[in-house]
Amino acid sequence: MAGIYIHVPFCKQACSYCDFYFVTKTDLMDAFVQALLIEIKHWENHSLFSEGAETIYFGGGTPSRLEPKHWQLIFDSLQAFITSKTREITVEVNPDDVTIESMQVLKALGVTRLSMGVQTFDESRLHFMHRAHSKTQAIQAIEIIQKTGFKSFTVDLIYGNPNQTLADLNADIDQFLTFDLPHISAYSLTIEPRTRLGKAEEKGTLIPLQDDAVSEHFLLVRERLTQAGFEAYEVSNFAKLGHRSFHNSNYWKHIDYIGMGAGAHSFVWLDGKTARRWNHAPDLKAYVNNPLQQTDIQTLELSELAEERLLIGLRTKDGLEFDELKNRYQFSFSEEQLHFIQQLQEQGLVQPHPEKIVLTDSGLLLADHLVLELITK
Ligand code: SF4
C-alpha cells in the first residue's frame, strides 16, 4: 500500500537553521486548502490506493497553523483513502499551536500520531534557533498532547549547537526524559547555506561546533536514550516498543508515496525495474494555480535505487539484507566490496552477520561516508 505526504507550507516565523519550503504569510491559506482538495480528489481512484493509504503524513512548514475548518475539509476529502488498513495518520505540530481545543480537533478527525518540534528546553538556544515557542509552552504542549490521549507522538531534539557543551546537552536530555515520551527524533544541527545561520557562518560571526564534539553529542544522545528504554532504530530516531514511525520506515524501504502540497516530493515504482520521482515546485502561488503540476521528473534505474537503499538502509538498526538487495534491486556486492565490508568488520564498524549488513554504533557515526566508499569500490 502506498502512503500520502501532504506538505503544508505555512510557518509563524523562520527558524534560523531551516531550509524547508514555507511562507510566513497566511493570505493564501484558504486557496492552498482548495488546491489541496483538488489534488486529493485527483488521486482518489488511482490503483495505488485501491486499498486506501497505509500512512498519511502532514509535514511542513507547520501543519498546525491550519484552522479547524481547513482540517475538516481536508479530512472529508481524505475519507476515500482512510480504510481499516490505514496504519498511521501523523500531523506535525509546533508547541505554540498546541491547545486542548486544537488537539481535540485532530484526535476527533482520526489523527493517530503527532510530531512536535521542541528542539531544546533551553531558552537561550530556543532564541538562537529563532523558534516561535518558549520552554514553558513546550512543556505545556507535551502535557496537553498526553492529556488529549495521543498514545503515539514524537518530539524533536537538536544537538550539536555552537558552544553547546555535553553538560548542556545532558540537561536537555534530562528534561526530555522527565516526560513519558513514546518517540524522540534527535538531529545534529546542520548549517544550510541559505539560512540565517548559514549567512552568519559565511560572515564569520558563527563558528559551528567541531565534528569531534558533534560525534560526542551523537554518542551521548544514543547512550542516554537507549539506557532510558528507547530503541535506536535509525540514526536519528528512537522509539519505545511499538512506537516506530511507519511512515518514515516506509520511505526508507522505497515504498510508494504521493506527495501533495507545494514543495512535496513523490516516489512511485513503475514496473519493478524503474521508479519515478517528481516534485511540486516550492512555490505556493504556482501550486494554488495548478495543484497537479509536476517538476523535476526523474526516472531512476535499479542501480541508482540500490545505492539509495544502501545509503538509507545502513542508517537503520535493521540494516540491509543481502537477499533484499538481490531480489528487489538485482544488486550483489563485488569481491572488492565484500573485502571492504570484511575490513570494516575487523575495525568494529560493521557487525558480523551472514545474511545482512548492519553498522555498529561506531559505524553509524560514519554511515554516509562508509556507504559512499562502499558504492564507489
Ligand atoms: S517551524 Fe519547522 S518548517 Fe517552519 S521554519 Fe521552523 S523548522 Fe522550518
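Here is a short chat about the domains and the ligand in this predicted model.

Student: Which residues make up domain 1 and domain 2 of the protein chain?
Tutor: Let's go along the chain. Domain 1 is the stretch 3-250. Domain 2 is the other part, 318-377.

Student: How many residues of domain 2 are in contact with domain 1?
Tutor: Start with the spacing: the centres of the two domains, taken over C-alpha atoms, are 30 Å apart. Contact here means heavy atoms within 4.5 Å. On the domain 1 side six residues qualify, and on the domain 2 side the number is four.

Student: What area is buried between domain 1 and domain 2?
Tutor: Carbon and sulfur atoms give 60% of that area. The whole buried area is about 500 Å².

Student: Which three residues supply 60% of the area that domain 1 buries against domain 2?
Tutor: No other three residues of domain 1 supply more of it. They are F218, R222 and V235.

Student: How many residues around the ligand are charged?
Tutor: The shell includes C11, Q13, Y17, F22, N94 and R131. By class, five of the shell residues are nonpolar and four are polar. Asp, Glu, Lys and Arg count as charged, and the number of charged residues in the shell is one.

Key
Residues numbered from 1 in each chain as written. Predicted model: local features only at pLDDT ≥ 70, side-chain atom pairs only at ≥ 80, totals over all residues. Heavy atoms only, no water. Domains from an automatic or database assignment. Buried area = accessible area lost by both parts, 1.4 Å probe. Near = heavy atom within 4 Å.
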